[in-house]
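Please keep the sequence and the model open while reading the points.

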Amino acid sequence: MAKEKKVEQITSMDVDFGQWYTDVVKKAELVDYSSVHGCMIIRPYGYAIWENIQKDLDARFKATGHENVYMPMLIPESLLQKEKDHVEGFAPECAWVTVGGQNKLSERLAIRPTSETLFCEHYRNIIQSYRDLPKLYNQWCNVMRWEKTTRPFLRTSEFLWQEGHTMHETAEEAQEETIKMLHVYRDFYRDALAIPAIIGQKTEKEKFAGAEATYTIEPMMHNGYALQGGTSHYFGDGFARSFDITYTGRDNTVKYPHQTSWGVSTRMIGAIIMAHGDDNGLIIPPAVAPIQVVIIPVAQHKEGVLDKAYAIKAELAKTLRVKVDDGEQSTGWKFSQYEMKGVPVRLEIGPRDIENNSCVLVSRVTGEKKFVSLDNIVEEVTAMLKAVHNELIEKAQANLESKTYVATTHEEFLDIAQNKPGFIKAMWCGDVECEDQLKDETGGVKSRCIPFVEDHLSDVCVCCGKKAKHMVVWGRQY
RNA sequence: CGGGGUGUGGCGCAGUUGGUAGCGCGCGACGUUUGGGACGUCGAUGCCGCAGGUUCGAAUCCUGUCACUCCGACCA
């Protein structure tokens, strides 16, 4: 029943996944386009998802000892240039401020594409002793990268994110932090977004500009594409040396601190859409859904129906995010509307239900209708929300597993890359030439990561046949 | 930055050999309806993306330009 496509304005996923995505973000009122290229207006329903994400993640950051700060939006060019790899990576896509008021600036200012350099400048001022370490800072902000082609949430010129920047006494401690925060992301994806993902290390070719090592979380979208869902970088003392950040150690010698940075962005909303959505629209995981339960009064003009709906809302709203839609639209229209918007649980209450002291609960994932007593409505709704979360993660897990393939030969790799969208597990020698070759031959399949848990598939590289160093997960990405 | 597609009321679209703009949805009023996108009557909404040109006359033909979108290349 719920599997039938009911919203004809939304292109079917199987017909055109890209168009389906665009239709959904528009129809579900997540975003609108603005007059500035690549800059999107995040509408209340979309922004509410972000607020819920922020709230949950922020608590996880605080629980791991981090503090929020706010850095300026503008970076002087000279500051950006202090770290060579970093500036090479980001300068080409910076937007620049060159005029202030009426006057041309003596030095142009980049609108931050990321804030490593600003944090370094600040850390240089406030770190003198090992007693000043560690510094565990995070900021929630916007950044700007002048992207050529953009797409709501997945790649926009301006986007919202959080960037953690930490400084540590030792390399080990910084490495530990890098991995710890990657796991925070993995847990958040799983427990809040209901999205399973592969985590691991980026290859040299794919790592962050200026990092010693980059770790990544790679969830799979419905169509088998990967999305870089978040990254955590270990910088060693590279930035510290470039920015001359030093501290006096316990042994009374001058040392460089070791640094990390890690971030996730509004792109996660794109991940939610593409991991969970269906032909009827969005499905938002309960933990971050702006509306967890929508109450649809049936025959609301009849005596007592609306009062009952409001009473149920009052009960549920003690612990849940609830909306009663008492608008004048038809019942059927409301059903479709909230399916499109991905509300996880719908509660129908009408005269017949009131007579029976019951109501109808409907799961957005399965479409299953459940008649439940009003006596323990909170428990019933809570249980269904939990079930929705579990069903989402199971579905996404099944998608991930069924679209993950193993290639042990070159021909097999190319065949899968051409014919089966998804992840490919294959051995790799460690040479960037092989990564480049596979990408060229397949028209875009890249290494996603070297997962923390590697399988031993064979002894040799799937591309060149030389001795293999790692198992790599490969795939196409958004 | 390459390759395709599209620009006409808020949205989706039609508009023939050039003749002065139409349909559906939505929107407003009133009435009837109400357990899967209800129905009737009346009503409002347009510099046909923008700029040039051809023509007595351009949404329509020509040139240029801009925007959006999909697929690549590049990045979160």
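The numbered points below move from the conventions to the domains, the RNA surface, the sheets and some individual residues.

1. The model is predicted, with local features requiring pLDDT of at least 70 and side-chain atom pairs counted only at pLDDT 80 or more, while totals for chains, interfaces and linings use all residues. Residues are numbered from 1 along each chain as its sequence is written, and chains are lettered from A and ligands numbered from 1 in the order in which they are written.

2. Chain A is assigned domain 1 (17-276), domain 2 (291-389) and domain 3 (404-475); such bounds come from an automatic or database domain assignment. The centres of domain 2 and domain 3, taken over C-alpha atoms, are separated by 48 Å.

3. Which residues lie closest to RNA strand B? They are Gly-18, Ser-330, Gly-332, Gly-350 and Gly-444, out of 44 residues that surround RNA strand B. A residue is near a molecule or strand if its C-beta atom, placed from the backbone, lies within 6 Å of it.

4. Helix H1 (17-27), helix H10 (331-340), helix H11 (351-356) and strand E18 (358-363) each supply at least two residues of the surface near RNA strand B. The largest share, eight residues, is provided by H10. Helices (H or I, at least four residues) and strands (E, at least two) are DSSP runs, numbered from the N terminus. By class, this surface has 13 nonpolar, 20 polar and eleven charged residues. Here Ala, Val, Leu, Ile, Met, Phe, Trp, Tyr, Cys and Pro count as nonpolar, Asp, Glu, Lys and Arg as charged, and the others, Gly among them, as polar.

5. An open sheet of five strands has the order E16-E15-E17-E18-E19, with mixed pairing; two strands pair if DSSP finds at least two bridges between them. Strand E16 (322-324) and strand E19 (369-373) are the edge strands, each pairing on one side only. On average, neighbouring strands of this sheet are turned by 25° against each other, direction ignored. Axes are lines fitted to C-alpha atoms, for helices over the stretch in contact, and angles run from 0 to 180 degrees between N-to-C directions.

6. Ile-296 has Glu-348 in E17 as its bridge partner. Helix H9 (residues 305-316) packs on the sheet, touching E15, E16 and E17, and its direction makes about 165° with that of E15. Helix H12 (residues 377-402) also packs on the sheet, touching E15, E17, E18 and E19, with its direction at about 10° to that of E18. Contact between two residues requires their C-beta atoms, placed from the backbone, to lie within 7 Å.

7. A second open sheet consists of three strands in the order E4-E6-E5, with antiparallel pairing. Its edge strands are strand E4 (74-76) and strand E5 (95-100), each pairing on one side only. Neighbouring strands of this sheet are turned by 45° against each other on average, direction ignored. E4 pairs with strand E6 (residues 103-111) over three bridges, and Ile-75 has Ala-110 in E6 as its bridge partner.

8. Gly-270 lies in helix H8 (residues 267-276). Gly-270 is buried because 23 other C-beta atoms lie within 10 Å. Not counting residues up to four places away in sequence, Gly-270 touches Phe-153, Leu-154 and Leu-227.

9. Most residues other than glycine have a negative phi, and most peptide bonds are trans. Glu-29, in the loop between H1 and strand E1 (31-33), has a positive phi near 60°. The peptide bond from Leu-133 to Pro-134 is cis, with omega near -5°.

How values were computed
Buried ≥ 20, exposed ≤ 12 C-beta atoms within 10 Å, placed from the backbone.
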